[in-house]
Amino acid sequence: MKPNTFLLMLLLLAGAAHANDSTGTVSTSGIKYLKNPHIDMQSEDLYISENQIRVHYRFKNTSSQDITETVLFPLPIVPSFTYSDFADTKGLVDSFRIYADGKPVRPQAHVRAYFERRNGSLVDVTADLKKCGLSDQELMHPWTQKQDGEKIGSKIRACRSAKVQSMLPKQPDELPDWSAQIIYSWKQTFKANSVTEIKHQYTPLVGGSFLPSLKAKDSKAFIDEYCMDENFLKNFKNVEGGSKVYHHLGYILTTGANWAKPIGKFTLTIDREPNTVISLCWDKSLRKVGPNRFQAVKENFLPKKDLDIIFVYEKP
C-alpha cells in the first residue's frame with residue numbers, strides 16, 4: 001500500500017510568560033494526526049514532572065494492509081537572543097528520545113529560520129540564509145546554544161539576499177534578531193491488524209517567577225488560570241508577593257480533537273517535588289495516589305482544555 005498522505009504530528013506550541021521577569025517557557029504536546037478510519041488510538045499514558053515528560057501511545061491499525069506515515073515533531077519557534085533564564089531548550093533537544101515498538105528511532109532534523117516583521121508576522125528566510133553559507137548547525141543555535149550567536153548574526157548581516165537585507169535592523173552595528181525552529185521527522189509503518197506502540201520522552205521546558213500577592217485585586221486572572229481552590233489558596237493567600245518561587249509547565253492536550261476517535265483510555269500522572277504544592281485545571285478524576293503523585297484515568301477521552309500546571313515552592 002502506498003503511504004497515506006496524512007501526517008502524524010507531535011506539536012510543541014509557544015506559551016506566554018506570566019510577568020516581565022518570568023522565565024521564558026513554551027508548552028509541550030503529544031501526537032496529533034488527521035482523521036484516518038483505520039488507525040485508532042487505543043491508549044495514551046502521559047507522565048509529567050518538572051524533570052521529564054514521557055508519553056506512551058498504543059495505535060491499532062484495524063485494516064488488512066500496512067499503513068506507512070511520515071511522523072513529524074516540530075519544536076516551537078525560538079528567538080536567537082533570549083534572557084539568561086529562558087527555558088532550557090538545549091536540555092530538551094539533548095534529552096529527546098523516540099521509540100517505536102521498543103526500538104529507538106533516529107529522526108531527521110530539519111531547521112527553519114525566520115525574521116519577524118513589525119506587525120509580529122514571521123518570514124521564512126531559510127533558503128536565503130543557506131544560499132549565503134549558513135549551515136543547519138548555525139541556524140539551530142537558538143535551540144542548541146552550540147554556536148557563537150554574535151558571529152552568526154554577523155554572517156546574516158553580510159548576506160546579500162534582498163529579502164534578508166530588507167528585514168535587517170537599520171543601525172549597521174545592530175545584530176539581527178532572528179528565530180529558529182527544529183522539525184524532527186521519521187517514517188512509521190503501522191502493521192495490518194496490529195498494535196503499534198510509540199513512546200517519546202524529553203526534559204520539559206519549565207518557566208517560572210515569583211508568586212504574586214494572591215490577595216491583590218488583579219490576582220483573579222492568575223488564580224483562575226491554574227484553578228486555585230481554597231485548599232491551595234490557604235497556603236499562600238497571606239504570603240507576601242515575591243517571597244515564593246513558582247514554576248509553570250504547559251502541555252497541549254486539545255490536539256486530541258483532531259483524532260479520528262476519542263482516546264480509548266487516557267492516563268495522566270503528575271509527580272511533584274516533596275517541597276512543592278501544585279494546582280491545575282482538571283476535574284475530580286485527578287486523585288492523590290502517593291505522597292507526591294497524582295493520577296487521573298479517563299475512558300473514551302476527548303480533551304477540551306490544555307494543561308497548565310503551577311508548582312509553588314513552599315521554601316523561598
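A: Let us begin with Asp173, which lies in the loop between helix H6 (162-166) and strand S12 (179-190). Helices (H or I, at least four residues) and strands (E, at least two) are DSSP runs, numbered from the N terminus. This is a predicted model, in which local features need pLDDT of at least 70 and side-chain atom pairs count only at pLDDT 80 or more, while totals for chains, interfaces and linings use all residues. Residues are numbered from 1 along each chain as its sequence is written, and side-chain values use heavy atoms, with hydrogens and water left out.

Q: Is Asp173 buried or exposed?

A: Buried means under 20% relative accessible area, exposed over 50%, and partly exposed in between (1.4 Å probe, protein chains only). Asp173 has a relative accessible area of 68% and is therefore exposed. Across the protein, buried residues make up 47% of the 316 residues.

Q: How many salt bridges does the count come to?

A: Side chains of opposite charge can pair when their charged atoms come close. A salt bridge is a side-chain nitrogen of Lys or Arg within 4 Å of a carboxyl oxygen of Asp or Glu. By this rule there are 10 salt bridges.

Q: Which parts does the salt bridge of Arg58 and Glu197 tie together?

A: The side chains of Arg58 and Glu197 meet at 2.7 Å, N to O. Arg58 lies in strand S5 (residues 53-61) and Glu197 in strand S13 (residues 194-202), so the pair ties together parts that are 139 residues apart in sequence. Arg58 is partly exposed at 29% relative accessibility, and Glu197 is partly exposed at 24%.

Q: Where do Asp94 and Lys90 lie?

A: Both lie in helix H1 (residues 89-95), four residues apart, about one turn of the helix. Asp94 is partly exposed at 33% relative accessibility, as is Lys90 with 31%.
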